[in-house]
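This briefing goes through one structure topic by topic. Please keep the sequence and the model open while reading.

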Protein chains: 2
Amino acid sequence: MDRVLSYLEANHDQALEGLKDFLRIPSVSTHPHHKTDVLHCAEYLANELRRIGMKRVDVVPTAGHPIVYAEWLEAPGQPTVLMYGHYDVQPAEPFDLWESDPFDPTIRDGNLFARGSTDDKGQVWLHVKALEAHLEQHGRLPVNVKMLIEGEEEVASAHLDEYIEKHKEDLTADVVMISDTTMYDYERPAIGYGLRGLVYMEIQIEGPNKDLHSGGYGGSVANPLNILSDIIAEMIDSDGRITIPGFYDDIVPLTDTERAAFTALAFSEDEYAERLGVAELKGEKGYSTLERIWARPTLDVNGLLGGFTGEGSKTVIASKGMAKVSMRLVPNQDPEVIAQAFEVYVEKLAPSSVKINILRHGTGKPILTPRDHPAVKAADQAITQGFGISPVYIREGGSIPVVATFQERLGLPTVLMGFGLPDCDAHAPNEKFNLKNFYRGIISAAWFYQEYSKDSEA
Amino acid sequence: MDRVLSYLEANHDQALEGLKDFLRIPSVSTHPHHKTDVLHCAEYLANELRRIGMKRVDVVPTAGHPIVYAEWLEAPGQPTVLMYGHYDVQPAEPFDLWESDPFDPTIRDGNLFARGSTDDKGQVWLHVKALEAHLEQHGRLPVNVKMLIEGEEEVASAHLDEYIEKHKEDLTADVVMISDTTMYDYERPAIGYGLRGLVYMEIQIEGPNKDLHSGGYGGSVANPLNILSDIIAEMIDSDGRITIPGFYDDIVPLTDTERAAFTALAFSEDEYAERLGVAELKGEKGYSTLERIWARPTLDVNGLLGGFTGEGSKTVIASKGMAKVSMRLVPNQDPEVIAQAFEVYVEKLAPSSVKINILRHGTGKPILTPRDHPAVKAADQAITQGFGISPVYIREGGSIPVVATFQERLGLPTVLMGFGLPDCDAHAPNEKFNLKNFYRGIISAAWFYQEYSKDSEA
């Protein structure tokens, strides 16, 4: 690694200038008039990957924007990393809030300001530079690497599933590496190893066969909106526990190690409550806020609608109402099992005076990459080398659709090694990437590919 | 009464022809292009009242359509009836669903088809004809009569309150008589003596200061829509009783006489449920459906809104939500007391993790005219004479705003003596008035003014 590190040290400026050129291409995937820019950006990246010595570099057309695929598979017996990222960016509007041109990268106060600097071009580029150093100095990589850099992440990865389905064989690997997230805070780099899953349902309720006057009929017939409220209220008890039978059965409890690790993060619940503008936090009894967000399931109403919702009053008993209700899941809850349990429970809670119809709007499995997975260990070592400090381990309350996709379609675990900062303004004006973290990120990535090789493990 | 009845018998055709002329004038109050027709209709009615011998007949302009006022006050020592009705009608659209022109009254199968035939021109006209018979045969009326026939009932009596406030002195009376409702069913004429009151509230709830991602935040912060459901659910217990402290304190219990009278109506709960398309009825434990509608208070959600309500899914924890909640009241619940109790209770139910704002959208007092009120007794005798059968006593679940107005502004009880039928299609195409009931109504009205005089009571 000495030669790799020396190379990186000597090529700071080259790395930065290459990133700047990458950022100058306005690869805004959502705007049709940037279609050529997006293609140009894919080609720029592909050329760079060819230049550094990656093999079989393809710009693969899709019905939308192309996917850049590259591989280097000449390390027999070594594990294979599927490195995922994206070269498309969010729109830069509103332009007038930018202090410098979003597509003319500018350095101020140690930060590189440009659309895509953190999300995700900068974080893709640091892997490119890490791989370049290995290839340049040793003519080879310590492990096998496949790169899948898409151009539609900011438009819901519209054609990624189709691509993965079609190229399943080509995408076999041992682990997915993604640098598209942030550090825990300014001081603490992080490894993300868990994401919650999702079951998103809609309860449609129907009572009388038409809207009724609440004077002439009120009191004599079940009001669907009152019943809907009853059903929702019944689903969470006074301890914040979800009452769906069997809901918690398959959950892998938090380990003492994890709880201790979360506690060590010294998360400020007061600051959190203040930022959200609430007088107090509220959640499942017996768990801290981080535990509630990262490692405990939820049931949230996402939408409610029924009856008269305009200004003023209308004395109506609505015939129909609806609630969108989603549940976040944690390992090893199975979305299919939970969705069924939800359906059975809602039917049971509903009195026979109403009719219930339940829709499923989507499910996603919870993700948990074991903390002792070799790739997690490699990332830990790598970050420790790159930053001079051990990473913290974090889970995320939300899902990252591609992670679920890799899990579900390819059976691959993912390691999230992100170098952004919480205030990087990824989707906002004045997006920036801290330059120190860019260089530390390159070093960390270079170490990751080294540490993940079986030679290092030995 | 013999001469009065003979006169009515001899003048069937004249009564019908006069009503037809009244119905030919398209006094649609909601359509500006009918403004002249509405005025013309008021003048037609006023001229008829002058012709039959009513004194001081005025067509009183308002900021909207005029009010027709007439009086005959030459029965010193006798009570005074304030007869209320309206000469305006609902629009007739859609015209193509009418089997005959809505403004060309047509007789088919013993019914007079025309817009306003039952609601309310026909029922106003039968009082005019009853008064005409007394005045024609005796040159006097048995009691004092004031008539207040408005032209804006179908547009929420927009200027009636202002008129009443301005003419409080002129409108003193002992009772209000209204014929603008229906019989209980084909066979049974009815006296309406009770209406429920109303308190209409809106709960606005706010949690976090902006919409949050349900993945990143779900479980850590109170979800306003879940809390809103909790609050609503908490307000009614499993027996269908409203849990607001003090809610039932001031209620005058149903008397055994009333319960027996309701029971005697042999109301079919099965037919009612079938008509509404519900598998079973649901309401307060210990009460029949008629009791629940007519004589017990309610709490109904009239509208619910919050979060994402479009098609599909959005994983949001809404910052805000709202529920419109109305309560029907029965004597002697005080709307002001109930509104306050509601506010205090909602604040108490809401955890400190949300903020609550409560709006009041309107209140109305419940109405109960004592069944032994002399005007009720007179109406009973009158209907018995007119129909050859005693009336049933009914209350209404809704409110009739003018009845509350007369109660609140003039302190007057109201007797509802309606001659429509449940299938008269008052606001629909092919509105009709059964001709037999029209004639029986004239006789009943003639008897009412007779029976209500103190001479009859003796």
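Predicted model: local features only at pLDDT ≥ 70, side-chain atom pairs only at ≥ 80, totals over all residues.

Where in chain A does A:Asp120 lie? A:Asp120 sits in the loop between β5 and α4 (121-138) of chain A.

**Backbone features in the loops**

- The peptide bond that leads from A:Asp119 to A:Asp120 is cis, and its omega is near 5°.
- In chain B, the bond from B:Asp119 to B:Asp120 is cis, with omega near 0°.
- B:Asp120 belongs to the loop that runs between β5 (111-113) and α4 (121-138) of chain B.
- B:Asp109 is not a glycine, yet its phi is positive, at about 50°.
- The loop that holds B:Asp109 is the one between β4 (106-108) and β5 of chain B.
- As background, most peptide bonds are trans, and most residues other than glycine have a negative phi.

**The three-stranded sheet of chain A**

- An open sheet of three strands is formed in chain A, with the order β4-β5-β18 and antiparallel pairing.
- The edges are taken by β4 (106-108) and β18 (432-434) of chain A; each has a single partner strand, so one side of each has no neighbour in the sheet.
- From one strand to the next, the twist averages 30°.
- Strand β5 (residues 111-113) of chain A is joined to β18(A) by three bridges, and the two strands run antiparallel.
- Within this pairing, A:Leu112 is opposite A:Phe433 of β18(A).
- Lying across β4, β5 and β18 of chain A is helix α14 (residues 435-451), which runs at about 65° to β18(A).

**The three-stranded sheet of chain B**

- Chain B has an open sheet of three strands in the order β4-β5-β18, and its pairing is antiparallel.
- At the edges stand β4 and β18 (432-434) of chain B, each with a single partner strand, so one side of each is left without a neighbour in the sheet.
- The twist in this sheet averages 30° from one strand to the next.
- Three bridges link β5(B) with β18(B) in the antiparallel sense.
- B:Leu112 has B:Phe433 in β18(B) as its bridge partner.
- Helix α14 (residues 435-451) of chain B lies across β4, β5 and β18 of that chain, at about 65° to β18(B).

**Helices α1 and α14 of chain A**

- Helix α14(A), which lies across the sheet strands, also has its axis within 11 Å of the axis of helix α1 (residues 2-10) of chain A, and the two axes cross at roughly 160°.
- That angle is over 145 degrees, which makes α1(A) roughly antiparallel to α14(A).
- The two helices, α1(A) and α14(A), cross in the right-handed sense.
- On the α1(A) side the contact is made by A:Val4, A:Leu5 and A:Leu8, and on the α14(A) side by A:Ile442, A:Ile443 and A:Ala446.
- Sorted by class, this contact of α1(A) with α14(A) has six nonpolar residues, no polar ones and no charged ones.

**How chains A and B are related**

**The interface of chains A and B**

- In the interface, 65 residues of chain B are in contact with 65 residues of chain A.
- Elements of chain B that give two or more residues to the side touching chain A include the helices α6 (214-217), α7 (224-234) and α10 (289-295).
- The strands that do so are β11 (300-307), β12 (316-317), β13 (320-329) and β14 (355-364) of chain B.
- The most residues on that side come from β11(B), which gives eight.
- By class, the side of chain B that touches chain A has 21 nonpolar, 33 polar and 11 charged residues.
- Strand β11 (residues 300-307) of chain A pairs with β11(B) in the antiparallel sense, over five bridges.
- In β11(B), B:Gly306 is the residue that A:Leu304 stands opposite.

Conventions:
Residues numbered from 1 in each chain as written. Chains lettered and ligands numbered in written order. Pairing = 2+ DSSP bridges. Helix = DSSP H or I, 4+ residues; strand = E, 2+ residues; numbered from the N terminus. Axes fitted to C-alpha atoms, helices over the stretch in contact; angles between N-to-C directions. Contact = placed C-beta atoms within 7 Å. Parallel < 35°, antiparallel > 145°, perpendicular 65-115°, else oblique. Left-handed = near helix turned anticlockwise from the far one by under 90°. Nonpolar A, V, L, I, M, F, W, Y, C, P; charged D, E, K, R; others polar.
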